[in-house]
Amino acid sequence: MKILLRAATIIDSKSPFHNKNMDILIHDGTIKKIGVGLPTDDAQEIQLPQLHVSSGWFDSSVSFGEPGFEDRETISNGLNVAAKSGFTAIALQPNSYPIIDNQGQINFVLNKAKDALTQLYPIGALTVGSEGKDMAELFDMKKAGAIAFGDYTKSLDNANLLKIALQYVQDFDGLVIAFAQDEKIKGNGVANEGLASTRLGLKGIPALAEELQIARNLFLLEYTGGKLHIPTVSTQKSVALLKEAKAKGLQVSCSVSVHHLVLNEDQLDGFDTRYKVTPPLRSESDRKALLEAVLDGTIDMITTDHNPIDIEHKKMEFDGAKNGTIGLESAFGALSTVLPTTVIIEKLTAGKTTFGIPTHSINEGEPANLTLFTTEGESIFTKESILSKSKNSAFLGQKLQGKVYGCINQNQMILNQ
């Protein structure tokens with residue numbers, strides 16, 4: 001495959017061509033030449049309006065369903081959606097059926113993703129069946145290709161088990177993911193405890209449910225050492241706790257979801273279950289604090305937390321509906337309404353380092369692992385914009401800025417029509 005990207009603005013702070021408008025010649029999956037007015041020769045020439053190019057994006061939290069929930073999403077279609085959404089790598093959550101908690105399941109999903117443009121990196125379940133009782137075979141899964149260990153949105157009540165896991169994974173430089181939500185404090189809550197839940201008569205989930213668990217997990221990390229990732233933080237106090245932990249020198253990273261940066265609890269006014277997510281959409285002051293934490297570096301990465309749910313479990317009364325939204329297709333456009341482009345690119349690529357995934361700058365001789373996009377143009381996100389099998393998007397009807405053109409990776413290219 002020989003491709004010439006014509007007049008592309010390169011966004012890559014690690015590249016000598018950062019912020020420059022250049023032609024990029026790619027041959028057999030490698031960047032051969034970067035310059036101005038490069039000859040086309042026999043290359044396929046790609047010339048797109050206001051083309052921008054960055055290192056390929058990575059999403060640290062994606063659910064597909066397969067195996068077991070193929071009606072929600074398959075690995076094959078999910079990876080195609082990811083590629084068309086700008087992601088050249090995704091971390092797959094273990095919340096399938098059966099749960100990805102052993103070497104065989106890791107091998108299964110890796111084989112399903114073989115030869116895809118978007119590379120799949122599996123997260124192994126931290127506990128057997130994600131039931132929070134017994135630690136899974138972490139080392140075996142690491143050898144098979146797992147990049148981290150966690151039970152997705154199931155918080156580990158057993159503090160001693162988390163302590164042992166943090167100690168154990170240090171033998172092979174493993175990463176533990178600890179979702180934070182105290183189930184006893186959450187109780188039967190379905191929405192953020194605040195003005196919106198009170199007005200709507202919905203049972204509230206206090207911010208304390210997240211913050212108390214984060215505080216506990218950080219105390220454990222300080223005791224054990226090792227590496228801990230806290231996903232999808234959602235409150236102002238959570239950010240303050242993480243900032244303090246980082247100042248102490250603890251090896252802790254964290255992510256925030258796109259929907260928590262763009263939307264708030266006021267979205268729930270119509271009882272639309274598309275906005276029922278875990279953790280719940282918080283207050284406007286929390287949303288602003290999360291944006292500030294992205295800008296000051298406290299939050300390391302942004303995730304779509306893409307979670308397809310079938311219509312039967314979403315089209316029902318709010319209390320009974322399953323939590324989750326898809327987010328791959330709308331991620332860049334939604335983020336562009338609240339953050340500068342350079343910050344978005346930084347937060348959509350920084351997770352590779354945390355999760356031990358190879359990184360490549362845009363330079364001659366480097367592998368062509370690239371995302372193609374434009375920052376120009378506004379659009380409204382509609383059902384026609386959704387490429388996923390499930391349609392449970394919290395961003396339907398939302399204004400988006402810019403758009404993704406596609407990806408180049410693994411000597412393959414996918415462009416949106």
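The exercises below concern helix packing in a predicted model.

Local features require pLDDT of at least 70, side-chain atom pairs count only at pLDDT 80 or more, and totals for chains, interfaces and linings use all residues. Residues are numbered from 1 along each chain as its sequence is written, and side-chain values use heavy atoms, with hydrogens and water left out.

**Exercise 1.** Determine how helix α7 and helix α8 are oriented and which residues meet.

*Solution.* Step 1: the axes (lines fitted to C-alpha atoms over the stretch in contact, with angles from 0 to 180 degrees between N-to-C directions) of α7 (residues 207–224) and α8 (residues 236–247) come within 9 Å and cross at roughly 10°. Step 2: angles under 35 degrees count as roughly parallel, and α7 and α8 are therefore roughly parallel to each other. Step 3: with contact meaning heavy atoms within 4.5 Å, Glu210, Glu211, Ile214, Ala215 and Leu218 of α7 meet Lys237, Ser238, Leu241, Leu242 and Ala245 of α8.

**Exercise 2.** Locate the buried residues of helix α2 and their packing partners.

*Solution.* Step 1: Gln105, Ile106 and Val109 of α2 (residues 103–112) are buried, that is, under 20% relative accessible area with a 1.4 Å probe, protein chains only. Step 2: they cover an arc of only 105° around the axis, so they lie on the same side of α2; the arc is that of the directions from the helix axis to the C-beta atoms. Step 3: the buried residues of α2 pack against α1 (75–84), β7 (87–92), β8 (119–124) and α3 (138–144).

Conventions:
Helix = DSSP H or I, 4+ residues; strand = E, 2+ residues; numbered from the N terminus. Parallel < 35°, antiparallel > 145°, perpendicular 65-115°, else oblique. Buried < 20%, exposed > 50% of the residue type's maximum accessible area, 1.4 Å probe, protein only.
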